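Have the structure open as you read along.

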Amino acid sequence: MASLIPIIQEILPMILPSSISVTRASDIFPSPPPPAEGSPRDMSGGVRVLSRDAVVNKTDKMCVTILIVKPSSSTTIRHNGEQDAIIYATSGTGILLSSPPDNLIASTDNTSTTTSSSSFSDKPERHVLSPGDFAVIPAWTEHQIVNESDAVELHWIVTRSGPSPVEVNLTGWGGSELQEPTAAGVEGEGERQGQGPG
């Protein structure tokens, strides 16, 4: 009987009914409320980093979120636990910093946008992502996303290998897990911004 379990697990999805799930852009990016009377339209303070759920807990194998980093802002240093992640840059040019692996061999490609180093005491690797670029972040890899622009928001689609995103915020490069609440102005790193119906 135990030998039939793997076969049943493969056949079950083929015979059980399943449905397509659609998440509307209006569910991910709801219209902002109108400004209060007498308040300025430019609310440059407040939340600087947002993580919006696009496809979360719809399948047991992957999830997708939208990461928005406001101008002159950055995420915390973090890793995604045992989840691999693929980033697709949709708007804005941003910097993906990653902790340098041990014994890294420097790139000889003069056109590379990657700067390499060989220890945690050195600067992290720097990867420039522009719209249309992809990046793969292996599980447990420490990274940080930086928007150096003074005017343009950074929008990246993040696909992870699990049903819901894992984000472990760290105290620094090679640091321990951040135990206190995330800094003010960061939404979605300590608490996620969920999707609406659909």
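## Charged partners and a ring pair

Arg 126 and Glu 148 join their side chains in a salt bridge, with N and O 2.9 Å apart. Keep in mind that this is a predicted model. Arg 126 sits in strand β7 (residues 125–129) and Glu 148 in the loop between β9 and β10, so this pair ties together parts that are 22 residues apart in sequence. Arg 126 is partly exposed at 31% relative accessibility, and Glu 148 is partly exposed too, at 47%.

In total, the structure has five salt bridges. Here are some of them:

| Salt bridge | N to O distance |
|---|---|
| Arg 126 and Glu 148 | 2.9 Å |
| Lys 70 and Glu 153 | 2.5 Å |
| Glu 167 and Arg 78 | 3.6 Å |

What about the pair Glu 167 and Arg 78: buried or exposed? Both residues are buried. Arg 78 and Glu 167 also belong to one network with Arg 160, joined by salt bridges that share partners.

Now for Lys 70 and Glu 153. Lys 70 is partly exposed, with a relative accessible area of 21%, and Glu 153 is partly exposed at 27%.

On to the rings: there is one aromatic pair. Tyr 88 and Phe 134 make up this pair, which is tilted, with 4.7 Å from centre to centre and 40° between the planes. Tyr 88 is in strand β5 (residues 85–91) and Phe 134 in strand β8 (residues 134–137), 46 residues apart, so the pair links distant parts of the chain. Tyr 88 is partly exposed at 31% relative accessibility, whereas Phe 134 is exposed at 59%.

Conventions:
Residues numbered from 1 in each chain as written. Predicted model: local features only at pLDDT ≥ 70, side-chain atom pairs only at ≥ 80, totals over all residues. Heavy atoms only, no water. Phe/Tyr/Trp six-rings, centres within 6.5 Å; stacked < 30°, edge-to-face > 60°. Helix = DSSP H or I, 4+ residues; strand = E, 2+ residues; numbered from the N terminus. Buried < 20%, exposed > 50% of the residue type's maximum accessible area, 1.4 Å probe, protein only. Salt bridge = Lys/Arg side-chain N within 4 Å of Asp/Glu carboxyl O.
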